[in-house]
Amino acid sequence: KQWYQRRVAITAGDDIPMESYDTLEATEEGETKGHTHDYLVKLVRTRVWDDDYGTDIYPYQYTYSHRNFVGHHKGEALPPRVFFRLDFSPLTMSYRRYHESSGVFLSRHLALLAGTFAVVKMFYSTLCVAQDTVRCGKFQ
């Protein structure tokens, strides 16, 4: 017999539009009698300074562990239960988001391209000197 549907969604701090930040969200259906879900959630306050907008955002980073077990008391299964244990860290992580100009992007890629041509030219000139040396017969 199914007792309930469990949906877990925890959000802490400001919402931030980045892929690396998401909420703890899960849905499980069809729990039976006696299932106990135990969540240990560790939260770390985070400060994100955005240079583009000049604003501070305070999301929270988290890690969690989930344990599922069947609880019994005096030989009978207990009703389904969910426990949350929150552990707040006293530390604050600070990040700074900034974007570089297109000039920096362009100069980095041009430098990479020029460096590639310089290395190819060194190998080519070494190969030409080696061929001339062998043709003149200096090693014979």
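Buried denotes under 20% relative accessible area, exposed over 50%, and partly exposed in between, with a 1.4 Å probe and protein chains only. At 45% relative accessibility, L113 therefore counts as partly exposed. L113 is found in helix 1, residues 102–136; helices (H or I, at least four residues) and strands (E, at least two) are DSSP runs, numbered from the N terminus.

**Basis of the model**

The structure is a predicted model, in which local features need pLDDT of at least 70, side-chain atom pairs count only at pLDDT 80 or more, and totals for chains, interfaces and linings use all residues. Residues are numbered from 1 along each chain as its sequence is written, and side-chain values use heavy atoms, with hydrogens and water left out.

The predictor's confidence in each residue is expressed as pLDDT, from 0 to 100. Its average over the chain is 77, and 74% of the residues score at least 70. Confidence is highest in helix 1, with a mean of 91, and lowest in strand 1 (residues 4–10), with a mean of 55.

**Overall architecture**

The chain contains 1 helix and 8 strands, arranged along the sequence as β-β-β-β-β-β-β-β-α. Of its 140 residues, 16% are buried. Contacts are defined by heavy atoms within 4.5 Å; among those between residues at least 6 apart in sequence, 69% join residues at least 24 apart. The accessible surface, computed by the Shrake-Rupley method with a 1.4 Å probe and, for residues, only the protein chains shown as cover, comes to about 11,000 Å² for the chain. Carbon and sulfur atoms account for 57% of that surface.

**Salt bridges**

Side chains of opposite charge can pair when their charged atoms come close. A salt bridge is a side-chain nitrogen of Lys or Arg within 4 Å of a carboxyl oxygen of Asp or Glu. The whole structure holds 4 salt bridges, including those tabulated here.

| Salt bridge | N to O distance |
|---|---|
| R67 and D38 | 3.0 Å |
| D38 and R85 | 2.7 Å |
| D56 and R47 | 3.2 Å |

Salt bridges that share partners join D38, R67 and R85 into one network. D38 is buried, at 8% relative accessible area, whereas R67 is partly exposed at 46% and R85 is partly exposed at 44%. In the bridge between D56 and R47, D56 is partly exposed at 33% relative accessible area, and R47 is partly exposed at 29%.

**Aromatic pair**

Rings of Phe, Tyr and Trp (its six-membered ring) pair if their centres lie within 6.5 Å; planes under 30 degrees apart count as stacked, over 60 as edge-to-face and the rest as tilted. The whole structure contains 1 aromatic pair. Y39 and F84 form this stacked pair, 5.2 Å centre to centre with 10° between the planes. Y39 lies in strand 3 (residues 35–50) and F84 in strand 8 (residues 81–97), so the pair ties together parts 45 residues apart in sequence. Y39 is buried, with a relative accessible area of 3%, while F84 is partly exposed at 41%.

**Surface patch**

Patches are made of residues with over 30% relative accessible area and no salt bridge, joining like charges within 9 Å and nonpolar side chains (Val, Leu, Ile, Met, Phe, Trp, Tyr) within 5 Å. L106, L110, L113 and F117 form a nonpolar surface patch, with about 430 Å² of accessible area together.
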